[in-house]
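Dear colleague,

I am handing over the structure we spoke about, and my notes on it follow below. Please read them with the model open beside you.

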Amino acid sequence: MLERMTPWMRSAGAAALAWLVLIAYCPLVLGQDAADLEFGDAPAAEAPADAPPANDAAPDADAAGDDDSSGGSKTLLGWTYESLGPGYMGVFLLLSVALLSLFVTNLVAARRETLCPQELVDGFEEKLNNKEFQAAYDLARTDESVLGQVLSAGLAKLSRGYNKAIEGMQEVGEEESMKLEHRLSYMALIGNLSPMIGLLGTVQGMISAFQTIAIGGSTPKPAELAGGISTALFTTLVGLAVAIPAIAAYNVLRNRVARLLLEVGVTSENLMSRFEDWKPQTNTAK
């Protein structure tokens, strides 16, 4: 199983790294280009020859230009980081990377080749037709798929009767199903936890905004007031952006796993149905 998952896990790591690089650099480049276009070197307008010198207004204009450039050159990434803060930014990044890794892992586990490979079905049925029961058991036992584990459990208890074999198959099937559901549940946990973290940031941002109003009196500074509001909005936005794909992927994969596990149960019972009249051999003392 680990050998099958290794390439997918490498792909998940590469995708996560590329996602982080895009988040880190794309807004920075776009914001820098916008800042260069807006505050770059523009050709100065020619002043009329009889215009009076504006020495007194020059410092004010320079100061206003500095203020505008400092506010306008802020990139989207810088604004997001400033609004979320290092705490919320780190939490949401960890949740995003964990969600991507879980999605790739569960996607590999929910494949037909992992749960119910057709090669195993054909090989197992062929050996049963040839009366090679030990070879069929070895084939199922060495296979790492769920179907292989179920068939090997059934053949191991076949000497105790057909009903015992079916019970053993059902126990193994339920155990494998619980393992798959356990891994999928972490995606649902991220989908439920992420908007709650966003709601926490929303409440914190609104408290900060009202605190600014209370301290600033009747005329609070708009920039300070916007800081708390931006925190509230950005945490809600990012929380929903993580939760929506998490919940969608969880439901899609859960339905796929349920369908494949049902197919495993039906296939295993069909393969073992030829032993329905099997009678356990008992040693009678003479």
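Serine 268 counts as buried, because its relative accessibility is 3% (buried means under 20% relative accessible area, exposed over 50% and partly exposed in between, with a 1.4 Å probe and protein chains only). This serine 268 lies in helix H9, residues 222-272 (helices are DSSP runs of H or I with at least four residues, numbered from the N terminus). Leaving aside residues up to four places away in sequence, serine 268 touches Leu147, Val150, Leu151 and Met169, where contact means heavy atoms within 4.5 Å.

This is a predicted model, in which local features need pLDDT of at least 70 and side-chain atom pairs count only at pLDDT 80 or more, while totals for chains, interfaces and linings use all residues. Residues are numbered from 1 along each chain as its sequence is written, and side-chain values use heavy atoms, without hydrogens and water.

The mean pLDDT of the protein is 75, with 69% of its residues at 70 or more (pLDDT is the predictor's confidence in each residue, from 0 to 100). Where pLDDT is low, the predicted coordinates should not be read in detail.

Note on methods. Helices (H or I, at least four residues) and strands (E, at least two) are DSSP runs, numbered from the N terminus.
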